[in-house]
Amino acid sequence: MWKTKKFGDLVATKGTGLERKATLQSADKEFPYLKMNNITNDNRLDVTRITYVDANSKEIEKYRLNKNDFLFNTRNSVELVGKSAVFEDENLVLFNNNILRVKFISSVNAKYVNYFLTSDSGKMQLNKVKTGTTNVAAIYYKDLQNIEILLPPLAEQQRIVAKLDAAYTEIDGAI
């Protein structure tokens, strides 16, 4: 049975990423560093242009992305804030402090939530909670946690994700 749940009720853990000034980012550093520009407008990841940073072992442990981490762009321009994606890699990648990482409870498929937020209903709700100026906008967790997600049972989430993944693969193959 499908239920409407608040985003915050689906979260097991959350946190923003590692802060590194632009002067501490470059191709000669050790670890890939995912930033808000790596989350595309169609809610996928693009790591073709990624920068690198150095980090100590505690930072690596805390800010290393794991497979199926949900990533949400909390600060950006008005039209770009609220982009999201799911990290699907096994490689060591760190993430930026403008990104909120969410690990969902076991009954939630991160890719389903990501697809939901690209829907008209998801986008409309996100647009209502954006705050800020013309140049810089934000969606704070206190508002994100109240976004309503229409959530089917996990098996149905997985079926929907498989269909949408297949459609995206077919579209990408046609380009």
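Modeller: In this predicted model, rings of Phe, Tyr and Trp count as a pair if their centres lie within 6.5 Å.

Biologist: How many aromatic pairs does a search of the whole structure find?

Modeller: A pair of aromatic rings is described by the distance of the centres and the angle of the planes. Searching the whole structure for such pairs gives a total of 5.

Biologist: Is the pair of F7 and F70 stacked, edge-to-face or tilted?

Modeller: The ring centres of F7 and F70 are 5.9 Å apart, with 55 degrees between the planes. Planes under 30 degrees apart count as stacked and over 60 as edge-to-face, so the rest is a class of its own. The pair of F7 and F70 is therefore tilted.

Biologist: How many residues apart in sequence are the parts that F7 and F70 tie together?

Modeller: F7 belongs to the loop between β1 (3-6) and β2 (11-16), whereas F70 belongs to strand β5 (residues 69-73). The pair therefore ties together parts whose separation in sequence is 63 residues.

Biologist: Which strand holds F104, the partner of F70 in another aromatic pair?

Modeller: F70 and F104 form a tilted pair, 5.4 Å centre to centre and with 55 degrees between the planes. F70 lies in strand β5, so its pairing with F104 ties together parts that are 34 residues apart in sequence. The strand that holds F104 is β9 (residues 99-104).

Biologist: Which residues form one aromatic cluster?

Modeller: F70 pairs with F7, and F70 also pairs with F104. F7 and F70 are both buried, and F104 is buried as well. The one cluster consists of F7, F70 and F104.

Biologist: Is N73 buried or exposed?

Modeller: N73 is found in strand β5. Buried means under 20% relative accessible area. The value for N73 is 0%, so N73 counts as buried.

Biologist: Which residue has a side chain joined to that of N73 by a polar contact of 2.7 Å?

Modeller: The side chain of N73 reaches the backbone oxygen of R75 at 2.9 Å. The contact of 2.7 Å, by comparison, is between side chains, and the partner of N73 there is N76.

Biologist: Where is N68, a residue other than glycine with a positive phi?

Modeller: Phi of N68 is near 75 degrees. N68 is partly exposed, with a relative accessible area of 43%. The place of N68 is the loop between α1 (57-63) and β5.

Biologist: What is the relative accessibility of N43, whose phi is also positive?

Modeller: N43 is a residue other than glycine, and its phi is near 60 degrees. Its place is in the loop between β3 (31-34) and β4 (51-53). N43 counts as buried, with a relative accessibility of 9%.

Biologist: How far apart in space are P153 and K3, C-alpha to C-alpha?

Modeller: P153 is in the loop between β12 (148-151) and α5, and P153 is partly exposed at 39% relative accessible area. P153 and K3 are 150 residues apart in sequence, and their distance in space is 8.6 Å.

Biologist: What is the volume of the largest pocket?

Modeller: The largest pocket is lined by 20 residues, and R44, L45, A85, V86 and E88 lie nearest its centre. The elements giving two or more residues to this lining are β7 (84-87), α2 (110-118) and α5 (154-174). By class, the lining has 11 nonpolar, 3 polar and 6 charged residues. The volume of the largest pocket is about 400 Å³.

Note on methods
Residues numbered from 1 in each chain as written. Predicted model: local features only at pLDDT ≥ 70, side-chain atom pairs only at ≥ 80, totals over all residues. Heavy atoms only, no water. 1 Å grid on protein atoms, 1.4 Å probe; cavity = no way out; pocket = protein on both sides within 12 Å on 5 of 7 lines; lining within 4 Å. Points joined across faces, edges and corners; volume = space filled by probe spheres on them. Helix = DSSP H or I, 4+ residues; strand = E, 2+ residues; numbered from the N terminus. Nonpolar A, V, L, I, M, F, W, Y, C, P; charged D, E, K, R; others polar. Phe/Tyr/Trp six-rings, centres within 6.5 Å; stacked < 30°, edge-to-face > 60°. Buried < 20%, exposed > 50% of the residue type's maximum accessible area, 1.4 Å probe, protein only. Polar contact = N/O pair within 3.5 Å; in protein donor to acceptor, adjacent residues only side chain to side chain.
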